[in-house]
Amino acid sequence: MSVAPRGCSSSTFLDGEGSGSGGGAGGGGVSYDTFQRVCGRGFAPWEVHRPQQAVRELLTAGAFKGAVLDMGCGIGDNALFIAKYTHCSVDAVDMLPKCITFAEMKAGLRNMREKVNWQCFDLLLWDESPLARAGRSQTYDVALDCGGWVVGSHGWRAVVHDHVLKPGGVLHVLALSDQEMAPGGPARVSRSELEELFSAGAGWALQSVRPHFIELHPTFWGGKGQAYLVAAQKVDTGAAAGAGAGEAAGGGAAAVPSGPSV
């Protein structure tokens with residue numbers, strides 16, 4: 001599965017530079033022009049005006065705690081749901097201004113203007129963002145991606161791992177799976193690809209990959225697309241390397257007996 005190069009803008013990635021077909025029978029991705037045209041008006045197939053079923057299940061299971069970042073928040077339903085039913089501080093980011101405008105309108109109608117901190121910027125430009133300038137780097141306990149962006153872009157995964165999550169923080173991803181055989185639509189991902197993308201060598205501890213679905217408008221694919229719901233914990237590779245070096249120097253729990261070599 002091809003991924004966006006580090007530093008590539010999200011719009012460039014959507015337009016196909018560095019993007020691939022993803023593994024299923026269907027789509028090879030959504031162009032930026034299409035994405036920009038259909039999103040933020042409340043009529044895109046994934047703008048269902050309620051939190052995704054996967055997000056409702058995660059909340060019921062207690063997955064959201066502390067500081068939460070909703071990445072690619074769209075028109076805001078997931079972020080508003082988390083803010084309403086938890087005591088978390090919730091920041092929500094999307095790169096399309098009209099999505100943030102729509103989300104802020106929803107928050108106002110629900111008397112929740114102060115419950116979510118809405119931000120409009122490209123996540124790949126994190127270092128230049130208002131959240132980075134506000135000292136929010138590596139402060140999030142939970143990151144949520146209900147579009148599978150981190151699956152398709154190495155740049156997004158690097159930003160989430162290196163700049164968004166604190167050590168031990170957890171990323172939850174809902175991504176269209178290779179089990180979805182309908183034509184068209186976003187790129188697919190397989191279980192084996194997910195295991196590779198979120199491997200220990202990449203700085204993650206993969207907690208779970210389970211079949212799920214993305215809720216869609218009833219007129220699109222019958223209202224749902226087959227997906228994987230992923231949970232991966234950030235591993236502090238520096239600390240892990242330090243611990244390994246300490247054990248090698250004799251500081252580990254198991255001592256190496258002295259004596260003649262065999």
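Biologist: How many of the residues of α4 are buried?
Modeller: In this predicted model, 7 of the 9 residues of α4 are buried, so the helix is mostly covered.

Biologist: Which ones are buried in α4?
Modeller: They are D77, N78, A79, L80, F81, I82 and A83.

Biologist: And what covers them?
Modeller: The cover includes two helices, α3 and α5. It also includes the strands β1 (67–71), β2 (89–94), β3 and β4 (140–145).

Biologist: Take α3, then. At what angle do α3 and α4 pack?
Modeller: The angle is about 20 degrees, and the axes are 10 Å apart. Helix α3 covers residues 53–60 and helix α4 covers residues 77–85.

Biologist: Roughly parallel or roughly antiparallel?
Modeller: Roughly parallel, because angles under 35 degrees count that way.

Biologist: Is the crossing left-handed or right-handed?
Modeller: α3 passes α4 in a right-handed crossing.

Biologist: Which residues meet there?
Modeller: From α3 there are V55, R56 and L59, and from α4 there are N78, F81, I82 and Y85. By class, this contact has 5 nonpolar residues, 1 polar and 1 charged.

Biologist: Why do residues three or four places apart in a helix point the same way?
Modeller: An α-helix has 3.6 residues a turn, so residues with that spacing end up pointing the same way.

Biologist: New topic. Where is E215?
Modeller: E215 is in strand β6.

Biologist: Buried or exposed?
Modeller: E215 is buried, because its relative accessible area is 9% and the cut-off is under 20%.

Biologist: What does the side chain of E215 reach?
Modeller: The E215 side chain reaches the backbone nitrogen of Q53, at 2.6 Å.

Biologist: What else does E215 touch?
Modeller: Not counting residues up to four places away in sequence, E215 touches P45, W46, V48, R50, P51, Q52, Q53, R56 and G223. R56 has come up already, as one of the α3 residues that meet α4.

Biologist: Stay in β6. What about V209, buried or exposed?
Modeller: V209 lies in strand β6, which spans residues 204–215. V209 counts as buried, at 13% relative accessibility.

Biologist: What is V209 in contact with?
Modeller: Leaving aside neighbours within four places in sequence, V209 is in contact with R191, L194, Y228, L229 and V230.

Biologist: How many residues apart in sequence are V209 and L174?
Modeller: They are 35 residues apart in sequence, and 9.8 Å apart in space from C-alpha to C-alpha.

Biologist: Then A44 and L216, how many residues apart?
Modeller: That pair is 172 residues apart in sequence, with 8.6 Å between the C-alpha atoms.

Biologist: Where does A44 lie?
Modeller: A44 is in the loop between α2 (32–38) and α3. A44 counts as buried, at 1% relative accessibility. Beyond its neighbours within four places in sequence, A44 is in contact with V38 and C39.

Biologist: H49 is in that loop too. What is its phi?
Modeller: H49 is found in the loop between α2 and α3, and its phi is near 60 degrees, a positive value in a residue other than glycine. Most residues other than glycine have a negative phi.

Biologist: Where else is there a positive phi in a residue other than glycine?
Modeller: N111 has one, near 55 degrees. N111 lies in the loop between α5 (97–109) and β3 (116–120).

Biologist: And accessibility, for H49 and N111? What are the values?
Modeller: H49 is partly exposed, with a relative accessible area of 38%. N111 counts as exposed, at 71%.

Biologist: Back to helices. Why is α8 called largely enclosed?
Modeller: Because 9 of its 11 residues are buried, α8 (residues 154–164) is largely enclosed by the rest of the structure. The buried residues are G155, W156, R157, A158, V159, V160, H161, H163 and V164.

Biologist: What caps the N-terminal end of α8?
Modeller: S153 does, with a side-chain oxygen 3.2 Å from the backbone nitrogen of G155.

Biologist: Last one, the chain overall. How many helices and strands?
Modeller: The protein chain has 10 helices and 7 strands. Of its 262 residues, 48% count as buried. Among contacts with a separation of 6 or more, 69% are between residues 24 or more positions apart.

Terms used
Residues numbered from 1 in each chain as written. Predicted model: local features only at pLDDT ≥ 70, side-chain atom pairs only at ≥ 80, totals over all residues. Heavy atoms only, no water. Helix = DSSP H or I, 4+ residues; strand = E, 2+ residues; numbered from the N terminus. Buried < 20%, exposed > 50% of the residue type's maximum accessible area, 1.4 Å probe, protein only. Contact = heavy atoms within 4.5 Å. Axes fitted to C-alpha atoms, helices over the stretch in contact; angles between N-to-C directions. Parallel < 35°, antiparallel > 145°, perpendicular 65-115°, else oblique. Left-handed = near helix turned anticlockwise from the far one by under 90°. Nonpolar A, V, L, I, M, F, W, Y, C, P; charged D, E, K, R; others polar. Polar contact = N/O pair within 3.5 Å; in protein donor to acceptor, adjacent residues only side chain to side chain.
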